[in-house]
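Hi there,

Here is the structure I promised to pass on to you. Have a look at it first, and then read on for what turned up in it.

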Amino acid sequence: MNIEREYDVIIIGAGPGGSGAAFSAAKAGMRVLVLEKRQEIGAPKRCAEGLSMSAMKRMGIERDDLWVRREIIGATIYSPNGKYVRVDYRDGPEGYILERKVFDKCLAEKAVEAGAKVLAKAEVTRLIKEAGKICGVGIDFEGEEKEIKAKVVIAADGVESKIAREAGLDTTLKLVDIASGAQFEMTNVDIDPDRIEMYFGNEIAPGGYVWIFPKGEKTANIGIGVRKPYAKGKAIDYLKRFIESRPGLRKGSIIEVNSGGVPVGGLMESMVTDNLIVVGDAAHQVNPIHGGGMGEAWVGGRLAGEVASEAIKANDFSKGFLKKYNKRWWEKRGNKLKKLVKLREVMESLSDDDLNWLIDYLKGEDLIEFARSSGFGKFAKILKKKPKLIKLARKLV
Amino acid sequence: MIEIDKKKCLRCSACVGVCPQSALTLKEHGIECSENCNKCGICFNFCPVGAIRMVKK
């Protein structure tokens, strides 16, 4: 493996965040190395594999048959008593269910085409420092310890976010800001093959929801996210209970088992320090309502790659310079996501009775608006119809 | 200290993200716990698949 001893930018992790950062830094002419600890990029997935059209537009990527498993035309949202609201999109598919391990590799390929170097099964074990400043990483590659230098390190190491912590940034998530997730990819299940389904309720999925994301006529990712202040048991037990209660799912076969932690809050004011930028799950760049993070990570990564390149051109890798990234990310995504954290807080305060009541007032179009962090006024107006929710409604406006 | 049930652990490293002591690391053979562990039990509570046990040591 022809790894150099020094790069302009080293990126830790080859998920969408890392590849996004590598893509933009390489495009700006930087010498870029991406190090992925796992032996296969994109696997094992910690993801329901849904990508909306709007997220794709933000990412600036085109649909590719290689990674599209299913086109999604709409969504059905269920309240605890089984009532539902359905939304179908009129102008073509609203999104896709992907094959994540193909998708992530395609993103890595994009980074490589732009000029970056990617290396799998290369674990970063530590940051290296010179005169107190981060100047590269120590890696374990094929059992050998190596040091590689870089002017800027971008930490895209996922929800673990060990690198940022080593650099002195506090990225530990409070339990209220992270969902505990479990998922079965199942086949021979009776599902709606064209729409995603989401099930809400404090018994079904406390502090989260159950999802069914179709990957084929009879195949789907069936998963759950719960949060610990609310959930009394393990995520996987809630999920098993949900599947057991439905004959159309119970009869199916499990072809993959996944789990993971999903940040749903804890947005960071500052995601930089001298010589280091944090992106993606590691920086909690995730939609706090549905837990989707692929688009967020790629966008955060691209901004980080841009700022790292500018820093290198200006020969200034200080926290003061890298702060540009904080500003750009907050303008582009942070403020929106922050509003969605508010919405999440309101939603988690609703009882099952409230949810059953609410579903009658919601129209499909409203849900699209809310998911895009607009129309909160309308949502507040609905909540105000129920006297005990008036106080809660005020949180939204 | 904690003990990881390797038969249950999916190596998703969700526990690593919630550990306030930064005591957990995902290694080739699974999750490793360092001496920094202060037995707070957050990882035990959080593990999506119930692969973590608290043990007296």
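Let me start with a pair of strands in chain A. Strand β13 (residues 195–199) and strand β14 (residues 209–214) of chain A pair in the antiparallel sense, over 3 bridges. Here helices (H or I, at least four residues) and strands (E, at least two) are DSSP runs, numbered from the N terminus, and two strands pair if DSSP finds at least two bridges between them. Within this pair, A:Met198 stands opposite A:Trp211 in β14(A).

Before going further, a word on the conventions. This is a predicted model, in which local features need pLDDT of at least 70 and side-chain atom pairs count only at pLDDT 80 or more, while totals for chains, interfaces and linings use all residues. Residues are numbered from 1 along each chain as its sequence is written, chains are lettered from A and ligands numbered from 1 in the order in which they are written, and side-chain values use heavy atoms, with hydrogens and water left out.

Both strands belong to an open sheet of 7 strands in chain A, with the order β6-β5-β13-β14-β15-β12-β16 and mixed pairing. At its edges are β6 (84–88) and β16 (253–263) of chain A, each pairing on one side only. From one strand to the next, the twist averages 15°; axes are lines fitted to C-alpha atoms, for helices over the stretch in contact, and angles run from 0 to 180 degrees between N-to-C directions. Helix α5 (residues 235–244) of chain A lies across β12 (178–187), β13, β14 and β15 (219–226) of chain A, running at about 40° to β12(A).

Chain A also has an open sheet of 3 strands, in the order β3-β7-β4, with antiparallel pairing. Its edge strands are β3 (50–52) and β4 (68–72) of chain A. Neighbouring strands of this sheet are turned by 25° against each other on average, direction ignored. β4(A) pairs with strand β7 (residues 95–98) of chain A over 4 bridges, and A:Val68 stands opposite A:Leu98 in β7(A).

Now to where the two chains meet. In chain B, 23 residues are in contact (heavy atoms within 4.5 Å) with 26 residues of chain A. The area buried between them is about 2000 Å², of which carbon and sulfur atoms give 54%; buried area is the accessible area (1.4 Å probe) that two parts lose on being put together, summed over both.

Chain B and chain A share 2 salt bridges, a salt bridge being a side-chain nitrogen of Lys or Arg within 4 Å of a carboxyl oxygen of Asp or Glu. A:Lys121 forms a salt bridge with B:Glu28, with the closest N and O atoms 2.9 Å apart. On the side of chain B that touches chain A, the elements giving two or more residues are α1 (14–18), β2 (24–27) and α2 (42–46) of chain B.

Over all chains, the count comes to 38 salt bridges. A:Lys151 forms a salt bridge with A:Asp8, the closest N and O atoms being 2.9 Å apart. This pair links distant parts of the chain, with A:Lys151 in strand β11 (residues 144–155) and A:Asp8 in strand β1 (residues 6–12) of chain A, 143 residues apart.

Finally, two spots in the backbone. Most residues other than glycine have a negative phi, and most peptide bonds are trans. The peptide bond from A:Ala43 to A:Pro44 is cis, with omega near -10°, and A:Pro44 is found in the loop between β2 (32–35) and β3 of chain A. A:His284 has a positive phi, near 65°, and lies in the loop between β18 (276–278) and α7 (294–314) of chain A.

Best wishes
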